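Opening the notebook on this one. I'll jot down what I looked up, entry by entry.

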Amino acid sequence: MASEIPLLTPHKMGPFELSHRIVLAPMTRQRSFNTVPQPHAILYYSQRTTPGGLLIAEATGVSDTASFPVTPGIWTKEQVEAWKPIVNAVHEKGGIFFCQIWHAGRASISMFLPNGQAPISSTDKQLRPEHLDNGIVVEYSPPRRLETDEIPKIVNEFRLAARNAIEAGFDGVEIHGANGYLIEQFLKDEVNDRTDQYGGSLENRCRFALEIVEAVSKEIGPERVGIRLSPFANYQESGDSNPEELGVYLVNALNKFGIAYCHMIEPRMIKVGERAETPHSLLPMRKAFNNTFIVAGGYDREEGNKAVSSDYTDLVAYGRIFLANPDLPKRFELDAPLNKYNRSTFYISDPVVGYTDYPFLSSD
């Protein structure tokens with residue numbers, strides 16, 4: 001019986017009635033063209049949709065300074081129109097679809113930005129080159145520290161992106177406050193070296209994130225807003241000296257807005273894709289947050305069921321194994337074997353290979 005499997009029990013997330021607790025994690029797939037999502041994304045997302053299942057779209061740029069040509073955006077009319085059939089396909093199969101709105105900040109390259117300008121950040125500290133799995137070395141450009149009076153403009157870009165997401169038909173948005181991108185560049189004391197009201201104290205470093213949450217919540221309603229955070233991680237040289245204090249402070253502050261969910265990356269995922277032993281836990285944040293709590297970070301079926309049954313979380317987000325198993329909830333129900341993912345095809349531009357060609361369970 002599916003009801004005996006904790007991950008396959010229903011959950012009410014604000015106004016949304018979820019039929020199970022398996023969430024499609026937001027995953028950059030680099031299949032967009034000139035920041036416009038492409039028709040092949042219709043099949044990709046609809047393959048992974050189940051009635052009453054929650055999907056979180058890949059990181060989606062909020063402005064022309066936010067992202068890369070191969071990642072989608074949601075700041076132009078053309079982008080909004082391109083998202084509509086993708087969202088419709090998910091809704092036709094009964095899914096609930098949130099758009100992850102994102103700004104890369106200093107994790108960017110001037111050649112992709114308007115007039116070759118410097119990436120913007122909380123700081124002018126440059127990221128070291130990144131060595132990718134495929135042997136490519138990414139050389140990040142030196143960033144420009146945002147002036148205090150420029151910050152409201154960036155907050156407004158997130159607000160407008162949220163409005164556009166609702167216009168495109170999404171059920172809500174997830175604010176990307178994790179993985180070393182712009183919001184986390186303000187949150188973490190390893191990166192943020194500001195001396196204005198957005199730097200220094202914990203309260204000041206969290207100000208930018210909370211201003212975005214407030215603006216987006218006022219624009220589309222807090223019941224349609226989630227946030228993703230990674231207080232314990234050190235993605236893109238963005239560690240913090242007291243991650244538990246940061247995480248607990250943030251969730252308590254988020255409670256004031258009544259947002260739908262808080263989505264946190266496990267402390268064991270210090271680096272992308274690598275699990276590490278750690279004494280830290282998300283439990284203090286889980287206990288402090290009033291609404292739906294989502295965890296992510298290398299979960300399998302057994303760990304996910306245990307996390308739900310022990311009330312460590314409400315929902316579990318799955319990334320790489322959902323990418324490789326479009327029918328993941330069905331496989332978890334049957335305890336069926338999983339397709340293995342192919343890391344070398346995660347970020348290629350092919351509209352089919354490594355994207356929509358992973359097999360479903362046979363229906364014999």
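**Ground rules.** For the element names I take DSSP runs, numbered from the N terminus: helices are H or I with at least four residues, strands are E with at least two. This is a predicted model, so I keep in mind that local features need pLDDT of at least 70, side-chain atom pairs count only at pLDDT 80 or more, and totals for chains, interfaces and linings use all residues. Residues are numbered from 1 along each chain as its sequence is written, and side-chain values use heavy atoms, with hydrogens and water left out.

Entry: Most residues other than glycine have a negative phi. Thr35 is an exception, with a phi of about 70°. I find Thr35 in the loop between β3 (22–24) and α1 (40–47). Is Thr35 buried or exposed? Thr35 counts as buried, because its relative accessibility is 15% (buried is under 20% relative accessible area, exposed over 50%, partly exposed in between, with a 1.4 Å probe and protein chains only).

Glu237 also turned up, with a positive phi near 55°. Its place is the loop between β12 (225–229) and α6 (243–255). At 18% relative accessibility I note Glu237 as buried.

**Entry: helix α2.** I checked the length of α2 (residues 77–92) against its residue count. The 16 residues should span 22 Å at 1.5 Å a residue, and the end C-alpha atoms are 23 Å apart, so the two agree (the expected span is 1.5 Å times one less than the number of residues). α2 bends by about 25° at Lys84, and Pro85 follows within four residues (the bend is the angle between axes fitted to the seven residues ending there and the seven starting there).

Which residues of α2 are buried? I list Gln79, Val80, Ala82, Trp83, Ile86, Val87, Ala89 and Val90. An α-helix has 3.6 residues a turn, so residues three or four places apart point the same way. The buried residues of α2 pack against α1, β4, β5 (60–61), β6 (96–102) and α3 (151–167) (contact means heavy atoms within 4.5 Å). Just after α2, Gly94 has a positive phi of about 85°.

**Entry: Gly53.** Gly94 came up again here. Gly53 sits in the loop between α1 and β4 (54–56), and counts as buried at 2% relative accessibility. Not counting residues up to four places away in sequence, Gly53 touches Ser19, His20, Gly94, Gly95 and Ile96. From Gly53 to His20 I get 6.2 Å, C-alpha to C-alpha, across 33 residues of sequence.

Entry: α5 (residues 202–220) has 19 residues and reaches 27 Å from first C-alpha to last, close to the 27 Å expected at 1.5 Å a residue. Where does α5 bend by about 40°? The bend is at Phe208. Gly221 follows α5, with a positive phi near 95°.

For α6, 13 residues should span 18 Å at 1.5 Å a residue, and its end C-alpha atoms are 18 Å apart, which agrees. Buried in α6 are Pro243, Leu246, Gly247, Leu250, Val251, Ala253, Leu254 and Asn255. Among the elements covering them are α4 (182–187), α5, β12, β13 (261–265) and α7 (283–288).

**Entry: helix α8.** I compared two residues here. Asn305 lies in α8 (residues 301–309) and counts as buried at 10% relative accessibility. Leaving aside neighbours within four places in sequence, Asn305 is in contact with Ile5, Pro6 and Leu7. Lys306 and Ile5 are 301 residues apart in sequence, yet 9.7 Å apart in space, C-alpha to C-alpha.
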